[in-house]
Amino acid sequence: MKKIINTELVLPFGMFAQIKASLFKDLSKEYVCYLLCGHTMIGNTLRLLACYIVIPDETDYVRHSQVSVKIKQEFLVSILKECERLKLSLIDIHSHPFSVENVAFSSIDDADENEKAEWFKRYLPDCYFGSIVMGINSHQSRLYLPSTQLIESSLLLRPIEIPLKTGKTAKFFDSKTHDRQLRAFSKEGQQALANATFGIVGLGGLGAGLAIGLARLGAKHFKLVDFDRAETSNLNRVDGMTKIDAQLKTFKVDIVARNLLEINPEIKCQTIKKNITKHQDWRQLRDVDVIITATDNYLSRMLLNIVSQMYLIPQVSIGTKISTKEGTLDGGHGHIYTVLPGHNQPCLLCAEIINPVEVYYEMASHASRCQAVKSGYIENFEEPSPAVAHLNGVILNLALVEIHNLFCGFKPISKHLLYSMLEQEVFTILESDRNCATCSQGGGFLDVVIW
Ligand SMILES: [Zn+2]
Ligand SMILES: [Zn+2]
């Protein structure tokens, strides 16, 4: 097992506010709630991913006053059983309503939590126990690492919220290069953007230009995923691709990496030349801070949607579509969809960005795909689809506004934008209210419920 140096807890969008609301609804009493969390290792950092919040009813308390709290034994047992059943870690949260700033664990907290940590060490050695104490304007958090003895590690709390923070230690950013934008946008946001890692999947007409735009904005860490190589028919729209690249059939990720380093030699770029739908490589994206989905198929979007929900990673999906009728232009559209994983935050499936019928046939045999085209179920996948630089340019720049805003928080987030090329208009699509197998209650991945 890898040595754990740091520990952190990622909270889905909206959960931190929900915790505060449940703990401070009445300042004359201490309240508790519980987080059930999955976990993953990112380098030497143990990252806990909160999936359930459990808020006890009034009847689940033995007593609670302004200075003490006791939960019924059977309620605690039901939570521990749930951890055991789902192999989840537990974070115990309680309030100290009498503390405003500088809240601290009491000696009673220490004794009580030590006992729970010992239980985890003994009965659920692959899971973890930790705790948070919340004052009105402050909190402290810790995780017990099971070793021969229990080791208390300070737990970094990372709620998904705008502006996004990465949890990485601040690094220097070049204020001279970004002088003009720092006159309008926040320095903290610029720092977070420089520390963030962007996982861009699909480095074609959209992804390549977006990566270059991000580098100009000040992004410094990239994971680029595409198995495709340059060809002559890409030259009408792929930023930074040259005729020589097309002749040499250079990997698209290598072209983008070259362009990024020309903009800023400090940029760190990891390239993955694989088809993520065929390999398990999508797991390599679990450590990025934002996933950017710019692929030309639905199956990859489906997988990236799952990665985003499972590992609580914000995702921005972009795509364009030009339609023709009997060989002439009929319409052109593009979408930008931003997902902040959390309760009531529709994913790509329920926002209908992903077409499940297309996903089904993308996984089917070539023969049955051809049959589906003949029957009119899906579009002809063997015919190259129309594409043009200006439509891609509009969409990737609209996406850059949204991504910049994730870090700098200069406007309300526009979750779902649709651009119409013929009308030159941008529409905001309202959220649909569908039950979803991926992101809603009862779904398979992020299952944020109160029980
Ligand atoms: Zn306490
Ligand atoms: Zn969904």
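Let me begin with one residue, Gln190, which is buried, with a relative accessible area of 1%, where buried means under 20% with a 1.4 Å probe, counting protein chains only. Gln190 sits in helix α5, residues 187-195, a helix being a DSSP run (H or I) of at least four residues, numbered from the N terminus. Leaving aside residues up to four places away in sequence, Gln190 touches Phe173, His178, Gln181, Leu182, Leu217, Gly218 and Cys408, contact meaning heavy atoms within 4.5 Å.

A word on the basis: this is a predicted model, in which local features need pLDDT of at least 70 and side-chain atom pairs count only at pLDDT 80 or more, while totals for chains, interfaces and linings use all residues. Residues are numbered from 1 along each chain as its sequence is written, chains are lettered from A and ligands numbered from 1 in the order in which they are written, and side-chain values use heavy atoms, with hydrogens and water left out.

Now to the domains. The protein chain is divided into domain 1 (6-159) and domain 2 (179-428), with bounds that come from an automatic or database domain assignment. Ten residues from domain 1 and eleven residues from domain 2 take part in the contact.

Between them, the two domains bury about 840 Å², 59% of it on carbon and sulfur atoms, buried area being the accessible area (1.4 Å probe) that two parts lose on being put together, summed over both. Of the area that domain 1 buries against domain 2, Phe13, Ile42 and Leu49 supply 52%, more than any other three residues. Finally, the count of salt bridges between domain 1 and domain 2 is zero, a salt bridge being a side-chain nitrogen of Lys or Arg within 4 Å of a carboxyl oxygen of Asp or Glu.

Key
Helices (H or I, at least four residues) and strands (E, at least two) are DSSP runs, numbered from the N terminus. Buried means under 20% relative accessible area, exposed over 50%, partly exposed in between (1.4 Å probe, protein chains only).
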